[in-house]
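Dear colleague,

Please find below the structure that I am handing over to you, together with its sequence.

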Amino acid sequence: MLQTRLRGRALTKARKLIRQEQPLCLHCKAEGKLRAWDELDHIKPLEHGGGNDRRNLQGLCRAHHLAKTAKDRGYSTQGCRVDGTPLDSSHHWHGGVHADAVIRDGSFFRPWVPPPLGEVVVVCGAPGSGKSTYVSNHKGKDDLVIDLDVIASKLTGRPIHQTGDSKQIQEAAITERNKLLRSLSKRKINAWFVLGGPSSVEREHWRRVLHAKVVVLEVDIKEIERRIRQDATRAGRMDEMIGWAKSWRSRYTPSSSDTVVDRAP
Ligand SMILES: [Zn+2]
(Lines give C-alpha, C1' and ligand atoms only; values in the text may rest on other atoms or scores of the structure.)
Protein backbone atom coordinates (compact mmCIF):
# COMPACT_ATOMS: atom_id res chain seq x y z
CA MET A 1 0.00 0.00 0.00
CA LEU A 2 1.23 3.52 -0.77
CA GLN A 3 2.07 5.71 2.22
CA THR A 4 0.38 9.09 2.55
CA ARG A 5 2.37 12.32 2.42
CA LEU A 6 3.61 13.75 5.75
CA ARG A 7 1.52 16.67 6.97
CA GLY A 8 1.11 19.01 9.94
CA ARG A 9 3.03 18.19 13.09
CA ALA A 10 4.66 15.06 11.65
CA LEU A 11 6.01 17.07 8.71
CA THR A 12 7.30 19.87 10.98
CA LYS A 13 9.05 17.29 13.16
CA ALA A 14 10.70 15.54 10.19
CA ARG A 15 11.84 18.87 8.73
CA LYS A 16 13.34 19.96 12.04
CA LEU A 17 15.18 16.69 12.53
CA ILE A 18 16.64 16.65 9.02
CA ARG A 19 17.49 20.37 9.20
CA GLN A 20 19.62 19.60 12.28
CA GLU A 21 21.32 16.58 10.76
CA GLN A 22 21.86 17.94 7.26
CA PRO A 23 21.04 21.62 6.59
CA LEU A 24 22.36 21.68 3.00
CA CYS A 25 20.75 20.70 -0.30
CA LEU A 26 22.43 17.36 -1.03
CA HIS A 27 22.34 17.82 -4.82
CA CYS A 28 23.95 21.27 -4.55
CA LYS A 29 26.55 19.74 -2.26
CA ALA A 30 27.26 17.07 -4.87
CA GLU A 31 27.92 19.92 -7.33
CA GLY A 32 30.29 21.55 -4.83
CA LYS A 33 27.92 24.34 -3.79
CA LEU A 34 26.70 25.22 -0.34
CA ARG A 35 23.02 26.04 -0.25
CA ALA A 36 20.38 25.47 2.42
CA TRP A 37 17.56 23.11 1.47
CA ASP A 38 13.98 24.35 1.04
CA GLU A 39 11.90 21.22 0.59
CA LEU A 40 11.80 17.65 1.84
CA ASP A 41 12.18 15.06 -0.89
CA HIS A 42 11.31 11.36 -0.91
CA ILE A 43 14.42 9.71 -2.35
CA LYS A 44 12.18 6.92 -3.66
CA PRO A 45 8.91 8.70 -4.49
CA LEU A 46 5.78 7.75 -2.52
CA GLU A 47 4.02 6.92 -5.78
CA HIS A 48 6.77 4.37 -6.47
CA GLY A 49 6.30 2.75 -3.05
CA GLY A 50 8.83 4.85 -1.07
CA GLY A 51 8.17 5.51 2.63
CA ASN A 52 8.25 8.43 5.06
CA ASP A 53 11.11 6.96 7.10
CA ARG A 54 14.26 8.98 7.71
CA ARG A 55 16.36 6.92 5.29
CA ASN A 56 14.02 7.83 2.43
CA LEU A 57 13.94 11.56 3.18
CA GLN A 58 16.41 14.26 2.13
CA GLY A 59 16.40 18.05 1.96
CA LEU A 60 16.74 19.66 -1.47
CA CYS A 61 16.68 23.25 -2.66
CA ARG A 62 13.58 24.18 -4.64
CA ALA A 63 15.32 24.02 -8.02
CA HIS A 64 16.83 20.59 -7.38
CA HIS A 65 13.57 19.30 -5.92
CA LEU A 66 11.68 20.42 -9.03
CA ALA A 67 14.33 18.84 -11.27
CA LYS A 68 14.28 15.55 -9.36
CA THR A 69 10.48 15.38 -9.26
CA ALA A 70 10.40 15.99 -13.01
CA LYS A 71 12.97 13.24 -13.54
CA ASP A 72 11.07 10.87 -11.22
CA ARG A 73 8.01 11.48 -13.38
CA GLY A 74 9.94 10.99 -16.60
CA TYR A 75 10.19 14.57 -17.85
CA SER A 76 13.41 15.83 -19.37
CA THR A 77 15.20 18.95 -18.16
CA GLN A 78 18.06 19.20 -20.72
CA GLY A 79 20.56 21.79 -19.58
CA CYS A 80 18.14 23.80 -17.53
CA ARG A 81 15.99 23.33 -14.49
CA VAL A 82 12.30 22.59 -14.84
CA ASP A 83 11.61 26.24 -14.11
CA GLY A 84 13.76 27.18 -17.11
CA THR A 85 16.77 28.54 -15.22
CA PRO A 86 20.07 27.14 -16.46
CA LEU A 87 21.80 24.42 -14.44
CA ASP A 88 24.92 26.55 -14.34
CA SER A 89 24.30 28.83 -11.38
CA SER A 90 26.92 31.33 -12.55
CA HIS A 91 24.75 32.12 -15.56
CA HIS A 92 23.48 35.71 -15.65
CA TRP A 93 19.95 34.37 -16.11
CA HIS A 94 19.78 33.78 -12.40
CA GLY A 95 18.06 37.10 -12.16
CA GLY A 96 21.15 38.88 -13.46
CA VAL A 97 22.53 38.62 -9.95
CA HIS A 98 25.85 37.19 -8.90
CA ALA A 99 25.98 33.45 -8.53
CA ASP A 100 27.28 33.67 -4.96
CA ALA A 101 23.91 35.00 -3.86
CA VAL A 102 22.21 31.96 -5.38
CA ILE A 103 24.67 29.66 -3.72
CA ARG A 104 24.38 31.43 -0.38
CA ASP A 105 20.72 30.56 0.10
CA GLY A 106 18.29 28.89 -2.26
CA SER A 107 15.30 30.67 -0.79
CA PHE A 108 16.85 34.11 -1.22
CA PHE A 109 15.19 34.87 -4.56
CA ARG A 110 11.94 33.06 -3.93
CA PRO A 111 11.35 33.12 -0.20
CA TRP A 112 8.23 31.74 1.36
CA VAL A 113 6.51 34.66 3.06
CA PRO A 114 3.41 34.68 5.28
CA PRO A 115 0.12 35.33 3.46
CA PRO A 116 -0.51 39.06 2.87
CA LEU A 117 -3.57 40.67 4.48
CA GLY A 118 -4.30 42.96 1.51
CA GLU A 119 -4.45 42.33 -2.23
CA VAL A 120 -1.25 41.87 -4.22
CA VAL A 121 -0.70 42.23 -7.97
CA VAL A 122 2.55 40.92 -9.44
CA VAL A 123 3.53 42.80 -12.61
CA CYS A 124 6.00 40.95 -14.84
CA GLY A 125 7.78 41.76 -18.08
CA ALA A 126 11.11 42.42 -19.76
CA PRO A 127 13.20 45.47 -18.91
CA GLY A 128 11.60 48.37 -20.80
CA SER A 129 8.20 46.67 -21.11
CA GLY A 130 6.60 49.43 -19.02
CA LYS A 131 6.07 47.70 -15.68
CA SER A 132 6.46 50.81 -13.52
CA THR A 133 4.26 52.86 -15.88
CA TYR A 134 1.62 50.13 -15.70
CA VAL A 135 1.77 50.18 -11.90
CA SER A 136 1.55 53.96 -11.60
CA ASN A 137 -1.43 53.96 -13.99
CA HIS A 138 -3.32 51.31 -12.00
CA LYS A 139 -2.32 51.64 -8.36
CA GLY A 140 -4.43 53.21 -5.65
CA LYS A 141 -3.16 56.27 -3.81
CA ASP A 142 -2.01 54.38 -0.70
CA ASP A 143 -0.82 51.17 -2.38
CA LEU A 144 2.70 49.94 -1.71
CA VAL A 145 5.02 49.39 -4.70
CA ILE A 146 7.79 46.81 -4.31
CA ASP A 147 10.33 47.27 -7.10
CA LEU A 148 13.99 46.17 -6.86
CA ASP A 149 15.19 49.03 -9.10
CA VAL A 150 13.53 51.58 -6.82
CA ILE A 151 14.81 49.87 -3.67
CA ALA A 152 18.39 49.82 -5.05
CA SER A 153 18.08 53.50 -5.95
CA LYS A 154 16.89 54.38 -2.44
CA LEU A 155 19.60 52.31 -0.76
CA THR A 156 22.40 53.90 -2.79
CA GLY A 157 21.03 57.40 -3.24
CA ARG A 158 21.76 57.03 -6.96
CA PRO A 159 19.28 57.50 -9.84
CA ILE A 160 17.18 54.52 -10.89
CA HIS A 161 18.91 52.15 -13.39
CA GLN A 162 22.28 53.72 -12.46
CA THR A 163 22.88 51.92 -9.18
CA GLY A 164 25.49 49.50 -10.56
CA ASP A 165 25.52 45.73 -10.38
CA SER A 166 27.68 45.09 -7.36
CA LYS A 167 26.83 41.97 -5.44
CA GLN A 168 26.52 43.96 -2.20
CA ILE A 169 23.92 46.34 -3.61
CA GLN A 170 21.90 43.57 -5.25
CA GLU A 171 21.91 41.44 -2.13
CA ALA A 172 20.95 44.39 0.04
CA ALA A 173 18.11 45.26 -2.35
CA ILE A 174 16.75 41.70 -2.38
CA THR A 175 17.00 41.49 1.41
CA GLU A 176 15.01 44.73 1.66
CA ARG A 177 12.47 43.47 -0.90
CA ASN A 178 11.98 40.24 1.06
CA LYS A 179 11.44 42.28 4.24
CA LEU A 180 8.76 44.37 2.49
CA LEU A 181 7.05 41.21 1.20
CA ARG A 182 6.97 39.78 4.72
CA SER A 183 5.57 43.05 6.12
CA LEU A 184 2.43 42.56 3.97
CA SER A 185 1.24 39.96 6.47
CA LYS A 186 1.39 42.45 9.34
CA ARG A 187 -0.82 45.26 8.09
CA LYS A 188 -3.62 45.40 5.57
CA ILE A 189 -2.23 47.22 2.58
CA ASN A 190 -2.60 46.58 -1.14
CA ALA A 191 0.69 46.07 -2.95
CA TRP A 192 2.17 45.94 -6.44
CA PHE A 193 5.19 43.69 -6.85
CA VAL A 194 7.34 44.45 -9.90
CA LEU A 195 9.27 41.43 -11.19
CA GLY A 196 11.05 40.25 -14.36
CA GLY A 197 9.44 36.84 -14.03
CA PRO A 198 9.96 35.24 -17.46
CA SER A 199 9.46 31.75 -16.01
CA SER A 200 5.89 30.56 -15.46
CA VAL A 201 7.17 28.45 -12.55
CA GLU A 202 8.55 31.56 -10.87
CA ARG A 203 5.30 33.45 -11.43
CA GLU A 204 3.35 30.48 -10.06
CA HIS A 205 5.51 30.60 -6.93
CA TRP A 206 4.58 34.23 -6.27
CA ARG A 207 0.94 33.70 -7.22
CA ARG A 208 0.71 30.98 -4.58
CA VAL A 209 2.80 32.65 -1.88
CA LEU A 210 1.23 36.09 -2.21
CA HIS A 211 -2.26 34.91 -3.26
CA ALA A 212 -1.66 37.37 -6.05
CA LYS A 213 -3.05 38.24 -9.43
CA VAL A 214 -0.23 38.09 -12.00
CA VAL A 215 -0.08 40.51 -14.93
CA VAL A 216 2.44 39.91 -17.74
CA LEU A 217 3.35 42.71 -20.14
CA GLU A 218 3.96 40.94 -23.45
CA VAL A 219 5.21 44.00 -25.30
CA ASP A 220 6.78 43.58 -28.74
CA ILE A 221 10.60 43.62 -28.65
CA LYS A 222 10.80 46.38 -31.30
CA GLU A 223 8.60 48.59 -29.11
CA ILE A 224 10.71 47.75 -26.04
CA GLU A 225 13.87 48.67 -27.93
CA ARG A 226 12.31 52.00 -28.97
CA ARG A 227 11.32 52.79 -25.37
CA ILE A 228 14.72 51.87 -23.92
CA ARG A 229 16.48 54.14 -26.48
CA GLN A 230 14.19 57.03 -25.47
CA ASP A 231 14.58 56.54 -21.72
CA ALA A 232 17.24 58.90 -20.40
CA THR A 233 17.40 57.09 -17.05
CA ARG A 234 18.90 54.12 -18.94
CA ALA A 235 21.69 56.20 -20.54
CA GLY A 236 24.95 54.30 -20.95
CA ARG A 237 23.24 50.96 -20.39
CA MET A 238 20.83 50.84 -23.32
CA ASP A 239 22.48 48.06 -25.32
CA GLU A 240 22.89 45.99 -22.18
CA MET A 241 19.21 46.43 -21.31
CA ILE A 242 18.05 45.60 -24.84
CA GLY A 243 20.13 42.41 -24.49
CA TRP A 244 18.33 41.64 -21.22
CA ALA A 245 14.96 42.29 -22.86
CA LYS A 246 15.81 39.85 -25.68
CA SER A 247 17.00 37.32 -23.13
CA TRP A 248 13.72 37.72 -21.19
CA ARG A 249 11.79 37.11 -24.43
CA SER A 250 13.72 33.93 -25.21
CA ARG A 251 13.12 32.55 -21.71
CA TYR A 252 9.49 33.59 -21.44
CA THR A 253 7.08 30.73 -20.79
CA PRO A 254 3.42 31.83 -21.01
CA SER A 255 0.79 30.48 -18.63
CA SER A 256 -3.00 30.50 -18.81
CA SER A 257 -3.09 31.68 -15.17
CA ASP A 258 -1.63 35.09 -16.11
CA THR A 259 -3.45 38.22 -17.20
CA VAL A 260 -1.64 39.23 -20.39
CA VAL A 261 -1.40 42.85 -21.46
CA ASP A 262 0.10 43.19 -24.93
CA ARG A 263 -0.20 46.86 -25.69
CA ALA A 264 1.57 49.89 -24.24
CA PRO A 265 0.31 50.26 -20.67
ZN1 LIG B 1 20.14 22.20 -4.75
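Residues 24 or more positions apart make up 68% of the protein's contacts with a separation of 6 or more; two residues are in contact if their C-beta atoms, placed from the backbone, lie within 7 Å. The model is predicted: local features need pLDDT of at least 70, side-chain atom pairs count only at pLDDT 80 or more, and totals for chains, interfaces and linings use all residues. Residues are numbered from 1 along each chain as its sequence is written.

The protein has ten helices and seven strands. These are DSSP runs numbered from the N terminus, with helices being H or I of at least four residues and strands E of at least two. Of its 265 residues, 27% count as buried, meaning that 20 or more other C-beta atoms lie within 10 Å of the residue's own, with C-beta atoms placed from the backbone.

Five strands form an open sheet in the order β4-β5-β3-β6-β7, with parallel pairing; two strands pair if DSSP finds at least two bridges between them. β4 (144-147) and β7 (259-261) are the edge strands, each with a single partner, so one side of each has no neighbour in the sheet. Within the sheet, β3 (residues 120-125) and β5 (residues 191-195) run parallel and are joined by five bridges, and Cys-124 has Leu-195 in β5 as its bridge partner.

The largest nonpolar core holds 28 residues, and those touching the most other members are Val-120, Val-122, Val-123, Cys-124, Trp-192, Phe-193 and Val-194. Such a core is a set of buried Ala, Val, Leu, Ile, Met, Phe, Trp, Tyr and Cys residues joined through C-beta atoms within 7 Å. Leaving aside residues up to four places away in sequence, Phe-193 touches Val-120, Val-122, Ile-146, Trp-206, Leu-210 and Ala-212. A second, separate core of seven residues includes Leu-60, Cys-61, Ala-63 and Ala-67.

In α7 (residues 167-183), Ala-173, Arg-177 and Leu-181 are buried. Seen down the axis of α7, its buried residues fall within an arc of 75°, so they line one face of the helix; the arc is that of the directions from the helix axis to the C-beta atoms. An α-helix has 3.6 residues a turn, so residues three or four places apart point the same way. The buried residues of α7 pack against β4 and α6 (148-156). By contrast, none of the 14 residues of α1 is buried, so α1 lies largely in the open.

Yours sincerely

Note on methods. Buried ≥ 20, exposed ≤ 12 C-beta atoms within 10 Å, placed from the backbone. Expected span 1.5 Å × (residues − 1).
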